[in-house]
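User: Please take a close look at one helix pair and the aromatic rings that go with it. I would like one connected account.

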Amino acid sequence: MSMSQAEKSQRQFFKDWLEKLQQESWQLELLISGFALYGIYEARPFITEFKWFLELNAYGQFSGILNMVRSIIMVGWLIFFTNLLIHVILRGLWIGAIGLRYVSREIE
């Protein structure tokens, strides 16, 4: 069975679209990383409020366990935020280098 001209045109459209998406996926990746970094940064006040809530409402042994959980959350937040910030900075530098190379073919 042979394909009609419309089916061939549609397949070519999707093939071209996927090719373009593959070449420009870095834009979406950098955008998603930026939004994730902003979201993580905005979560810090909630963790601080959780600390104050625990200091006011937790008593006894349960208080120690909850404070340990809070400490783990704070350390995890700090590690995740730092790693994502480094990722976004390095990715931006990489994209800048690729852009320079694209503009000036003389750069190796």
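Analyst: Helix α2 (residues 25–57) packs against helix α3 (residues 60–103) at an angle of about 160°, and their axes are 9 Å apart. That angle makes α2 roughly antiparallel to α3 (the term covers angles over 145 degrees). The contact of α2 with α3 comprises 20 nonpolar, 5 polar and 5 charged residues. This is a predicted model, in which local features need pLDDT of at least 70 and side-chain atom pairs count only at pLDDT 80 or more, while totals for chains, interfaces and linings use all residues. Residues are numbered from 1 along each chain as its sequence is written, and side-chain values use heavy atoms, with hydrogens and water left out.

The structure holds 2 aromatic pairs (ring centres within 6.5 Å; planes under 30 degrees apart are stacked, over 60 edge-to-face, the rest tilted). The rings of tyrosine 41 and phenylalanine 81 have centres 6.0 Å apart and planes at 35°, so this pair is tilted. Because tyrosine 41 lies in helix α2 and phenylalanine 81 in helix α3, the pair ties together parts that are 40 residues apart in sequence. Tryptophan 77 and phenylalanine 81 form a stacked pair, 5.1 Å centre to centre with 5° between the planes. These two residues are 4 apart in helix α3, so about one helical turn separates them.

Tyrosine 41, at 47%, counts as partly exposed (buried is under 20%, exposed over 50%, partly exposed in between, with a 1.4 Å probe and protein chains only).

Note on methods:
Axes fitted to C-alpha atoms, helices over the stretch in contact; angles between N-to-C directions. Parallel < 35°, antiparallel > 145°, perpendicular 65-115°, else oblique. Nonpolar A, V, L, I, M, F, W, Y, C, P; charged D, E, K, R; others polar.
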